[in-house]
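These are my notebook entries on one protein chain.

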Amino acid sequence: MFFVLPSGNYLKRINWWLIIAALISLLYYWGVNELVATQRLCTPLELIDAVAYGFGILSIWGLSLRRRVFYQSFWRIFFFVVPATALLTWIVPGSPHPPVLLFWKIVNVGLTYIPYCTGMFIYAFRSKKIWDSDREEVLNGSL
């Protein structure tokens with residue numbers, strides 16, 4: 001008997017965005033829980049950034065489940081809001097928190113923020129099947 005490596009066809013069937021959405025949601029929930037548990041004060045800009053980031057997770061879930069959440073034009077505008085708020089929280093001096101190591105910031109950006117923004121971009125700008133589904137149903141007489 002020989003061990004045969006799988007062909008990889010089943011890897012294409014795995015919905016990677018569903019896994020990414022679940023991981024980002026869990027990490028976000030963990031971060032908010034830690035923020036509440038430590039009762040750490042944050043600036044209004046940090047609060048806006050945290051709420052915007054949490055709201056943007058809906059786009060990753062919409063992409064992974066292939067469902068429309070709100071309107072495409074909303075997500076196209078919102079795609080630029082989230083990086084802007086994140087950039088402002090890094091530039092504008094915030095509340096006096098203990099400094100975070102640069103390594104952990106890079107890990108955070110690499111593991112969560114890059115897939116998050118990539119998924120939001122795909123959802124807002126590249127998901128024609130999701131956003132045009134109602135038009136096709138109307139044209140085909142399905143409704």
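**Entry 1: surface and basis.** I looked up the accessible surface of the chain and found about 10800 Å², of which 70% belongs to carbon and sulfur atoms. Such areas come from the Shrake-Rupley method with a 1.4 Å probe, and for residues only the protein chains shown count as cover. I noted that the model is predicted: local features need pLDDT of at least 70, side-chain atom pairs count only at pLDDT 80 or more, and totals for chains, interfaces and linings use all residues. Residues are numbered from 1 along each chain as its sequence is written, and side-chain values use heavy atoms, with hydrogens and water left out.

**Entry 2: elements.** I looked up the secondary structure and found 7 helices and 0 strands. Helices (H or I, at least four residues) and strands (E, at least two) are DSSP runs, numbered from the N terminus. Helix H2 covers residues 16-38 and has 23 residues. H2 reaches 33 Å from its first C-alpha to its last, close to the 33 Å expected at 1.5 Å a residue; the expected span is 1.5 Å times one less than the number of residues.

**Entry 3: burial.** How much of the chain is made up of buried residues? I recorded 24% of the 143 residues. Buried means under 20% relative accessible area, exposed over 50%, and partly exposed in between (1.4 Å probe, protein chains only). In H2, Ala-21, Ile-24 and Ser-25 are buried. An α-helix has 3.6 residues a turn, so residues three or four places apart point the same way.

**Entry 4: core.** I then looked up the largest nonpolar core, which has 19 residues. A nonpolar core is a set of buried Ala, Val, Leu, Ile, Met, Phe, Trp, Tyr and Cys residues joined through side-chain atoms within 4.5 Å. Those with the most contacts inside this core include Trp-75, Tyr-116 and Met-120. H2, H3, H4, helix H5 (102-125) and helix H6 (128-131) each give two or more residues to this core.

**Entry 5: two residues.** Is Ser-59 buried or exposed? Ser-59, found in helix H3 (residues 44-65), is buried, with a relative accessible area of 0%. Not counting residues up to four places away in sequence, Ser-59 touches Trp-75, Met-120 and Tyr-123; contact means heavy atoms within 4.5 Å. Phe-74, by contrast, lies in helix H4 (residues 72-91) and is partly exposed, with a relative accessible area of 30%.
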